[in-house]
Amino acid sequence: MPDFRQPTPTNQKPPRLAIIVAGGSGTRMGADRPKQFLLLRGEPVLLHTLRRLAAPALGVAEIVVVLPAEQVSTWQQLCQEFGVSIPHRLVAGGATRWASVKAGLAALKGHAQGLVAVHDGVRPLVSTAVIERTYAAATVHAAAAAAVQPKDSVRLVSPHGSAAQNRQRLRLMQTPQTFEIDLLRRAYAMPELASFTDDATVVDDLCRVQLVDGDYRNLKITTPEDLLVAEALFGTT
Ligand SMILES: Nc1ccn([C@@H]2O[C@H](COP(=O)(O)OP(=O)(O)OP(=O)(O)O)[C@@H](O)[C@H]2O)c(=O)n1
Ligand SMILES: C[C@](O)(CO)[C@H](O)COP(=O)(O)O
């Protein structure tokens with residue numbers, strides 16, 4: 001007689017995991033502290049991002065937050081100040097985004113399987129719908145990333161001038177970028193290349209990355225005007 005109280009392994013969904021990379025220094029922002037700690041509607045940018053990934057509807061089992069090694073205590077103080085009770089593991093990052101993702105991935109070594117969403121700590125307006133789309137697509141395709149179409153005309157520049165590009169065939173990459181953990185581990189086991197600008201570029205040689213609809217409001221806070229736009233968009237996603 002089978003025991004129906006215990007699901008068989010094949011019935012079990014792989015756990016949803018997340019790495020929030022916030023290990024950068026924010027040179028383009030030019031602020032007095034890393035931009036992930038700047039206040040957006042009175043709270044740190046990174047706290048908004050953490051809340052988005054921890055939304056109960058997503059069912060994320062474990063969140064790793066990657067920080068600059070010298071900023072871990074700053075974040076711990078902010079967590080106290082703002083009463084942050086969302087469980088998350090802290091990891092020291094590296095000199096590049098690639099190195100920070102790799103460090104975050106190492107912190108998930110206890111997971112033999114799962115889907116890992118890698119998300120920029122400085123994309124605090126990401127919606128539950130966009131995150132869900134990347135997890136759902138990664139379930140089917142092993143690799144998925146949020147992207148949007150350019151709204152402006154686009155040209156490729158060269159020493160000889162510039163050439164118009166067909167923007168319908170171009171996409172602007174966002175995060176989350178979500179992968180089967182084993183695939184992401186294999187991709188990040190390879191040496192870093194200068195051409196790696198996101199996780200999709202790291203995975204590209206191993207697996208086709210399925211693009212899903214991102215959201216124009218899922219902006220990456222990079223320069224001061226982005227913070228103004230984020231203030232205006234807050235609450236719309
Ligand atoms: N060594 C690094 C560099 C970047 N990031 C993270 O990757 C995301 C995208 O990077 P970017 O916007 O370039 O952040 P910064 O490196 O902080 O900014 P800048 O390039 O202007 O210095 C950010 O959440 C950033 O914290 C990271 O975890 N570790
Ligand atoms: C990962 C990313 O946000 C996708 O758009 C982007 O590539 C990060 O670039 P950055 O130069 O590190 O800001």
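**Exercise 1.** Leaving aside neighbours within four places in sequence, determine which residues Ala18 is in contact with.

*Solution.* Two residues are in contact if their C-beta atoms, placed from the backbone, lie within 7 Å. By this criterion, and with neighbours within four places in sequence left aside, Ala18 touches Leu53, Val60, Ile63, Val116, Ala117 and His119.

The model is a predicted one, in which local features need pLDDT of at least 70 and side-chain atom pairs count only at pLDDT 80 or more, while totals for chains, interfaces and linings use all residues. Residues are numbered from 1 along each chain as its sequence is written, and chains are lettered from A and ligands numbered from 1 in the order in which they are written.

**Exercise 2.** State which members of the largest nonpolar core touch the most other members.

*Solution.* Step one: a residue is buried if 20 or more other C-beta atoms lie within 10 Å of its own, exposed if 12 or fewer, and partly exposed in between. Step two: a nonpolar core is a set of buried Ala, Val, Leu, Ile, Met, Phe, Trp, Tyr and Cys residues joined through C-beta atoms within 7 Å. Step three: the largest such core has 57 residues, of which Ala18, Ile19, Ile20, Val66 and Val116 touch the most other members. Strand S4 (residues 60–67) supplies the largest share of this core, six residues; strands are DSSP runs of E, at least two residues, numbered from the N terminus.

**Exercise 3.** Describe how S8 is joined to S9, and how many residues of S9 are buried.

*Solution.* First, strand S8 (residues 154–158) and S9 run antiparallel and are joined by five bridges. In one of these pairings, Val157 has Ser162 in S9 as its bridge partner. Next, a hairpin through two residues links S8 to S9. Finally, the count of buried residues among the five of S9 (residues 161–165) is zero, and this strand is hardly covered. For the whole protein, 39% of the 237 residues count as buried.

**Exercise 4.** Identify the residues that surround ligand 2 and sort them by class.

*Solution.* A residue belongs to the surroundings if its C-beta atom, placed from the backbone, lies within 6 Å of the ligand. This gives Arg97, Asp120, Met173, Gln174, Thr175, Thr197, Asp198, Lys220 and Thr222. Strand S10 (residues 172–180) contributes the most, with three residues. With Ala, Val, Leu, Ile, Met, Phe, Trp, Tyr, Cys and Pro as nonpolar, Asp, Glu, Lys and Arg as charged, and the others, Gly among them, as polar, the shell has one nonpolar, four polar and four charged residues.

Key
Helices (H or I, at least four residues) and strands (E, at least two) are DSSP runs, numbered from the N terminus. Two strands pair if DSSP finds at least two bridges between them.
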